[in-house]
Amino acid sequence: MGYRKFNANQLFDGYRLLNDQNVLITDEDGIIEEIVLLKDAGEEIEKLEGILSPGFINCHCHLELSHLKGIIPVKTGLVDFVLDVISKRHFPDEENFAAIEKAENEMLDNGIVAVGDICNNALTISQKIKGRIWYHNFIEASGFHPSVVEQRFQRSVDFFREFGSHYSIPVESNSIVPHAPYSVAEELWEKIIYFPGNHLLTIHNQETAAENELFQNKQGDFLKLYEKMNIDFTAFEPSGKSSLQTYLSKFLSNQTVILVHNVHTGEEDIIVTKTSHNKVYWCLCPHANKYITDQLPPVELLVKHNCNIVLGTDSLASNHQLSILAEMKLLQECFPFIRIESLLQWATINGAKALQMDNMLGSFERGKKPGVVVIEPKLRKVERIL
């Protein structure tokens with residue numbers, strides 16, 4: 001079997017940046033052999049300009065919404081965005097399939113090797129079974145009124161089984177998850193949390209100030225959402241606490257939880273989370289936050305408290321591209337104190353750990369097949385090498 005050898009200006013192994021005196025060696029299929037010093041690497045070394053890195057992990061996407069690119073106006077606020085998605089998402093299947101394939105091609109071109117994908121239907125299965133990207137499928141469940149819980153949960157179970165029967169990787173790569181705290185009734189929470197095998201969960205968290213207002217005092221824009229959707233919320237009782245502090249204790253101690261967006265997460269929320277649940281990852285989707293509310297999460301606080309940060313793109317309904325590199329670049333522009341090494345960790349090994357795929361992705365360690373990308377200086381462009 002032959003080998004390939006790569007040398008670049010810098011080499012990021014998933015954990016740290018190494019200098020130009022290091023060479024990555026893989027077999028012809030892209031399985032990692034080792035990293036050696038340039039002086040010991042021999043001949044036939046492929047020279048590359050930029051940073052050599054493992055492939056990127058996209059911890060939050062809605063591939064099934066790819067057909068909505070450019071359809072929904074920017075900066076409308078979350079409630080109007082949600083209403084637009086609900087009213088505008090229904091396209092012919094042929095258009096959906098074409099948009100899904102195009103979106104996956106875009107992710108591949110942008111160096112993404114694995115995705116945590118939100119699923120409310122089975123439209124993405126035919127693309128995913130091609131095996132070009134690793135997916136964890138988060139089958140979403142929602143229903144704010146007890147009267148719809150049985151029907152909504154059974155619908156999610158049916159999709160879960162459909163993914164399990166058609167999708168070629170193990171059923172452990174599928175979960176049933178809560179959509180958001182403002183859309184899940186207590187009875188539905190119970191069914192989701194205790195669903196057999198639900199070891200990895202995700203939830204849209206504190207994406208707007210109205211979410212906290214709802215749980216603190218039953219006020220804010222979500223009352224408008226319920227009224228427009230004819231949802232009876234009269235029985236809802238506010239907890240007097242933030243959204244996150246209200247629902248976090250529902251998760252079991254052995255469940256990994258990816259909190260997505262976190263735009264209105266406060267320092268007390270972070271402290272409570274750090275002390276009460278040790279398997280939490282904080283997923284940042286800054287371009288989507290700018291698209292929907294023109295706000296960004298408290299990255300300084302998350303870094304200050306040494307939180308496990310990962311990155312996502314959200315969907316083309318709320319983003320102009322599906323690129324983890326673009327998310328990194330925006331974070332670097334808005335929070336210049338963040339080191340490039342940290343951004344790369346969030347995009348690779350942290351994401352792989354969050355999706356429980358770090359046995360094969362996220363770092364250049366012997367036996368893994370994480371993909372190999374080269375990033376141009378100043379995060380201008382990424383090129384997939386393997």
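Mentor: We begin with a term: a residue is called buried when its relative accessible area is under 20% and exposed when that area is over 50%. Please also keep in mind that this is a predicted model.

Trainee: Then is Glu44 buried or exposed, and why?
Mentor: Glu44 is exposed, because its relative accessible area is 75%, and the cut-off for exposed is over 50%.

Trainee: Where is Glu44 found?
Mentor: Glu44 sits in the loop that joins strand 5 (32-37) to strand 6 (45-47). Its backbone deserves a look as well: although Glu44 is not a glycine, its phi is positive, at about 55°.

Trainee: What about phi of Asn262?
Mentor: Asn262, also a residue other than glycine, has a positive phi near 60°. Its place is the loop between strand 13 (256-261) and helix 9 (267-276).

Trainee: Does Asn262 count as buried or exposed?
Mentor: Asn262 counts as buried, because its relative accessibility is 0%.

Trainee: Staying with loops, where does Gln255 lie?
Mentor: Gln255 lies in the loop between helix 8 (243-247) and strand 13. With a relative accessibility of 2%, Gln255 counts as buried.

Trainee: Which polar atoms lie by the side chain of Gln255?
Mentor: A polar atom of the Gln255 side chain lies 2.9 Å from the backbone oxygen of Ile193. There is also a distance of 2.8 Å between a polar atom of that side chain and the backbone nitrogen of Leu252.

Trainee: And which residues does Gln255 touch, not counting those up to four places away in sequence?
Mentor: Gln255 touches Ile193, Asn198, His199, Leu201, His277 and Lys279 on that count.

Trainee: Changing topic, what is the strand order in the open sheet of four strands?
Mentor: The order is 8-9-10-11, and the pairing is parallel. Strand 8 (56-61) and strand 11 (174-178) stand at the edges; each has a single partner strand, so one side of each is left without a neighbour in the sheet. On average, neighbouring strands of this sheet are turned by 20° against each other, direction ignored.

Trainee: How many bridges join strand 10 and strand 11?
Mentor: Strand 10 (residues 134-141) pairs with strand 11 over five bridges, in the parallel sense. In one of the pairs, Glu140 has Val177 of strand 11 as its bridge partner.

Trainee: Which strands does helix 4 lie across?
Mentor: Helix 4 (residues 149-166) lies across strand 9, strand 10 and strand 11, and runs at about 160° to strand 11. Helix 5 (residues 186-193) packs on the sheet too, where it touches strand 10 and strand 11, and its direction makes about 160° with that of strand 11.

Trainee: Where is Thr124 relative to strand 9?
Mentor: Thr124 is in the loop between strand 9 (112-119) and helix 3 (125-128). Thr124 is buried, with a relative accessible area of 0%. Leaving aside neighbours within four places in sequence, its contacts are Leu63, Glu64, Ile100, Asp117, Cys119 and Phe163.

Trainee: On to pockets: which residues lie nearest the centre of the largest pocket?
Mentor: Ile86, Arg89, Asn120, Glu140 and Ser142 lie nearest the centre, out of 42 lining residues. The space in this largest pocket is about 1100 Å³.

Trainee: Which element gives the largest share of the lining of the largest pocket?
Mentor: Helix 1 does, with five residues. The elements giving two or more residues to this lining are helix 1 (78-88), helix 2 (93-109), strand 10, helix 4 and helix 7 (222-228).

Trainee: Finally, which way do the residues of strand 7 point?
Mentor: In strand 7 (residues 51-54), Ile51 and Ser53 point one way and Leu52 and Pro54 the other way, and all are buried.

Trainee: In which sense does strand 7 pair with strand 2 and with strand 16?
Mentor: Strand 2 (residues 10-12) pairs with strand 7 in the parallel sense over two bridges, and Leu11 has Leu52 as its bridge partner. With strand 16 (residues 372-375), strand 7 pairs in the antiparallel sense over four bridges; there, Pro54 stands opposite Val372.

Key: Residues are numbered from 1 along each chain as its sequence is written. This is a predicted model: local features need pLDDT of at least 70, side-chain atom pairs count only at pLDDT 80 or more; totals for chains, interfaces and linings use all residues. Side-chain values use heavy atoms; hydrogens and water are left out. Buried means under 20% relative accessible area, exposed over 50%, partly exposed in between (1.4 Å probe, protein chains only). Contact means heavy atoms within 4.5 Å. Two strands pair if DSSP finds at least two bridges between them. Axes are lines fitted to C-alpha atoms, for helices over the stretch in contact, and angles run from 0 to 180 degrees between N-to-C directions. On a 1 Å grid over the protein atoms alone, a cavity is a set of points where a 1.4 Å probe fits but cannot get out, and a pocket is an open set with protein on both sides within 12 Å along at least five of seven lines; lining residues have an atom within 4 Å of a point. Grid points are joined across faces, edges and corners, and a volume is the space filled by probe spheres set on the points. A polar contact is a pair of N or O atoms within 3.5 Å; within protein, one must be able to donate a hydrogen and the other to accept it, and residues adjacent in sequence count only if both atoms are side-chain atoms.
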